[in-house]
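Please consult the sequence and the structure shown below while reading.

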Amino acid sequence: MSKLLEKLSRYSQYRIDPPCPRVEGRITRMIGLTIEAVGIKCAVGACCFIELSKTQKIEAEVVGFSGDRIYLMPLYPIDGLQSGTRVIASSESGKVPVGMNLLGRILNGVGKPIDGKGPLQPEAETGLAGEIINPLMREPIKQPLDVGIRTINGLLTVGRGQRMGLFAGSGVGKSVLLGMMTRFTEAEIIVVGLIGERGREVKEFIEHSLGEEGLKRSVVVASPADDSPLMRLRASQLSTRIAEYFRDQGKNVLLLMDSLTRYAQAQREIALAVGEPPATKGYPPSVFAKIPKLVERAGNGEEGSGSITAFYTVLTEGDDQQDPVADSARAILDGHIVLSRRLAEQGHYPAIDIEASISRAMPQIVEPDHLQMAMRFKQLYSKYRQNEDLINVGAYVKGSDPDTDFVMENLPSISAYLRQGMNESFTLKESMQQMIMVISAPPTPQAELNQQIRRPVSNGLQK
């Protein structure tokens with residue numbers, strides 16, 4: 001028997017696999033973004049091609065079904081669609097490029113380059129869905145990550161593998177803050193997901209905020225607002241999948257996704273289109289199930305692997321911090337940084353509201369002295385904010401509160417510490433040292449202290 005098997009194995013290379021049958025259906029109805037087809041059976045998430053003509057095929061994904069009917073969502077704009085158009089099932093779904101050759105490239109939601117630098121040469125191709133890591137096998141967050149932003153390093157220290165939310169309304173400087181992180185962070189690899197933003201902002205972020213130096217070690221996945229909701233959804237998943245690949249290679253990855261709200265809105269459009277009933281403020285229940293699935297893929301890997309430190313921007317419509325998406329994200333993230341419109345209107349950048357912001361992992365990753373100083377800084381600043389109205393109208397009596405008196409005498413230094421220019425960078429050590437100088441300095445050497453705090457970095461980059 002073994003000799004027979006040995007002989008048969010010699011001819012295995014000459015074996016011709018039988019051709020796969022071509023499964024086809026036809027379109028019966030299209031309402032809004034949803035296409036209904038019959039005569040074809042595909043699983044949810046499967047890829048199909050809508051054959052508009054012999055030379056033009058549009059990729060679509062199965063997003064639901066009802067009896068013998070399936071519901072499709074196209075990835076690209078579709079014109080000229082008619083009843084009876086053929087739908088062809090495909091086995092090519094879910095493969096995306098990964099590898100070090102993606103650094104410096106800009107991709108769309110399906111992993112195709114849009115930067116005009118030629119075709120990709122990926123090391124491998126993998127599925128969009130990453131492997132679920134057992135939470136008990138994850139390495140704990142125990143090392144800080146230097147992001148180059150003094151306020152974050154000093155008062156809201158972020159750990160490797162932490163998931164942070166950046167809560168902000170429109171026009172308060174969140175894109176600039178993300179760009180500063182990409183240039184100044186000590187992370188080895190940066191993955192940027194621009195989801196649902198204006199097309200103009202995509203190029204501006206890459207050229208101005210990210211810059212040439214930041215792009216060299218970054219992968220940018222862009223899906224602007226005029227893309228289909230399915231494309232925006234895939235772009236979010238692709239950004240996370242690329243970050244997961246680099247983490248599995250032992251790299252420390254910084255994942256910046258702008259924004260998580262656009263991801264939720266894309267899922268809302270899809271869910272409502274297939275008939276899911278709305279729940280909270282028009283968001284169907286599937287939206288609040290999708291957000292944790294995406295966020296939980298970031299973080300530390302198993303022992304010995306790398307990490308994904310993720311920042312997700314969350315748009316607060318009308319600066320409402322109780323927006324359902326913001327409320328859901330705040331509950332599952334490891335901290336949140338709130339950008340204040342009041343500070344932005346005063347020209348205070350980055351407009352981080354340190355009273356409303358918190359890093360949940362900070363107590364485990366910094367020294368006790370650092371944590372104590374940060375808490376002291378927040379207490380002093382909060383005391384001043386409580387008495388600010390009285391101080392402005394001259395009703396505050398000096399000597400009523402020692403902490404408020406100290407802040408009034410050292411307010412220029414405190415404000416200078418919380419501000420930072422676009423081309424300035426401060427390491428963790430520098431942020432800690434300057435914080436100590438601010439909250440323990442006597443009121444006399446203000447000019448010298450302010451000069452030290454505002455010290456710019458010559459090239460805008462960390463060494």
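Val192 stands opposite Val220 in strand E14. The model is a predicted one, in which local features need pLDDT of at least 70 and side-chain atom pairs count only at pLDDT 80 or more, while totals for chains, interfaces and linings use all residues. Residues are numbered from 1 along each chain as its sequence is written, and side-chain values use heavy atoms, with hydrogens and water left out.

Strand E14 covers residues 218-223. Helices (H or I, at least four residues) and strands (E, at least two) are DSSP runs, numbered from the N terminus. Strands E13 and E14 pair in the parallel sense over 6 bridges, where pairing requires that DSSP finds at least two bridges between two strands. Strand E8 (residues 106-107) also pairs with E14 in the parallel sense, over 2 bridges, and here Leu107 stands opposite Val221.

Because 6 of the 6 residues of E14 are buried, the strand is largely enclosed by the rest of the structure. Buried means under 20% relative accessible area, exposed over 50%, and partly exposed in between, with a 1.4 Å probe and protein chains only. In a regular strand the side chains alternate between the two faces of the sheet. In E14, Ser218, Val220 and Ala222 point one way, and Val219, Val221 and Ser223 point the other way.

## Helices H3 and H4

Helix H3 (residues 174-184) packs with helix H4 (residues 199-216) at an angle of about 5°, their axes lying 8 Å apart. Axes are lines fitted to C-alpha atoms, for helices over the stretch in contact, and angles run from 0 to 180 degrees between N-to-C directions. H3 is therefore roughly parallel to H4, a label for angles under 35 degrees, with over 145 counted as roughly antiparallel, 65 to 115 as roughly perpendicular and the rest as oblique. The contact (heavy atoms within 4.5 Å) includes Val176 and Leu178 of H3 and Phe205 and His208 of H4.

Of the 11 residues of H3, 9 are buried, among them Leu177, Met180 and Phe184. The buried residues of H3 pack against several elements, including H4, strand E13 (189-195) and strand E15 (252-258).

## The barrel

A closed barrel of 6 strands runs E1-E2-E5-E4-E3-E6, with antiparallel pairing. The twist averages 45° from one strand to the next. E1 and E2 form a hairpin with 2 residues between them, and Gly32 in the turn has a positive phi of about 65°. The table lists two of the strand pairs.

## Aromatic rings

The model holds 3 aromatic pairs, counted when rings of Phe, Tyr and Trp (its six-membered ring) have centres within 6.5 Å; planes under 30 degrees apart count as stacked, over 60 as edge-to-face and the rest as tilted. One of them is the tilted pair of Phe377 and Tyr417, at 5.3 Å centre to centre and 45° between the planes. This pair links distant parts of the chain, with Phe377 in helix H11 (residues 368-386) and Tyr417 in helix H13 (residues 402-418), 40 residues apart. Phe377 is buried at 2% relative accessible area, and Tyr417 is buried at 0%.
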